[in-house]
Amino acid sequence: AYSEAVDRSPQGLDFWLHLGDFIYEYGRQNYPEPSETRVPGLQPANDVVHLQEYRKRYAFYRLDPDLQRLSAAAPMISIWDDHEVANDDWMHGAENHQSDQGNFEARKTAAIRA
């Protein structure tokens, strides 16, 4: 998708607008399928919960050469959706937040800080 966005865009854009789900918090066991990635070896391999894990996931996504081209072409404004924290998040939790992953508010704070 990033390649198509760069290749089809006119020169001199002011910015790109990304409408949610820039990252997915799932671990390798849930997402993505190997055929759905440009950069193999999802990092970190587990569901992201802690600040350093969210930062590593953002860094991993930015290894995509097409995303790098897109970022070089113009700044990106990214609108958040649920996966920037956890799937189907709500005030006191999320569908993809389990009790063994710690306090949801701590996870949400980590995601925001990342």
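Modeller: Asp88 is partly exposed, with a relative accessible area of 46%. Keep in mind that this is a predicted model.

Colleague: Why is Asp88 called partly exposed?

Modeller: Buried would need under 20% and exposed over 50%. The 46% of Asp88 falls between those limits, so the residue is partly exposed. Asp88 sits in the loop between strand E2 (76–79) and strand E3 (89–90).

Colleague: What makes the backbone of Asp88 worth a remark?

Modeller: Its phi is positive, about 50 degrees, although Asp88 is not a glycine. Most residues other than glycine have a negative phi. Asp21 is also not a glycine, and has a positive phi of about 55 degrees.

Colleague: Where is Asp21, and is it buried or exposed?

Modeller: Asp21 belongs to the loop between E1 and H2. Its relative accessibility is 18%, which is under 20%, so Asp21 counts as buried. That loop also holds Pro44, which is joined to Gln43 by a cis peptide bond with omega about -20 degrees. Most peptide bonds are trans.

Colleague: Why does Tyr58 count as buried?

Modeller: Tyr58 has 18% relative accessibility, again under the 20% limit, so the word buried applies. Tyr58 is part of helix H2. Leaving aside residues up to four places away in sequence, it touches Phe22, Ile23, Glu84 and Ala114. The C-alpha atoms of Tyr58 and Ala114 are 8.0 Å apart, while the two residues are 56 residues apart along the chain.

Colleague: Which other residues of H2 are buried?

Modeller: Among them are Leu51, Glu53, Tyr54 and Arg57. The buried residues of H2 pack against helix H3 (65–73) and H4.

Colleague: What makes up the contact of H2 with H4?

Modeller: From H2 come Leu51, Tyr54 and Arg55, and from H4 come Arg107, Ala110, Ala111 and Arg113. By class, four of these residues are nonpolar and three are charged, with no polar ones.

Colleague: How many aromatic pairs does the whole structure have?

Modeller: A search finds three.

Colleague: What makes the pair of Phe60 and Tyr61 edge-to-face?

Modeller: Their ring planes are at 70 degrees, over the limit of 60, so the pair is edge-to-face. The ring centres are 6.5 Å apart. Phe60 is buried, like Tyr61. Ring pairs join Phe22, Tyr58, Phe60 and Tyr61 into a cluster.

Note on methods:
Residues are numbered from 1 along each chain as its sequence is written. This is a predicted model: local features need pLDDT of at least 70, side-chain atom pairs count only at pLDDT 80 or more; totals for chains, interfaces and linings use all residues. Side-chain values use heavy atoms; hydrogens and water are left out. Contact means heavy atoms within 4.5 Å. Helices (H or I, at least four residues) and strands (E, at least two) are DSSP runs, numbered from the N terminus. Ala, Val, Leu, Ile, Met, Phe, Trp, Tyr, Cys and Pro count as nonpolar, Asp, Glu, Lys and Arg as charged, and the others, Gly among them, as polar. Rings of Phe, Tyr and Trp (its six-membered ring) pair if their centres lie within 6.5 Å; planes under 30 degrees apart count as stacked, over 60 as edge-to-face and the rest as tilted. Buried means under 20% relative accessible area, exposed over 50%, partly exposed in between (1.4 Å probe, protein chains only).
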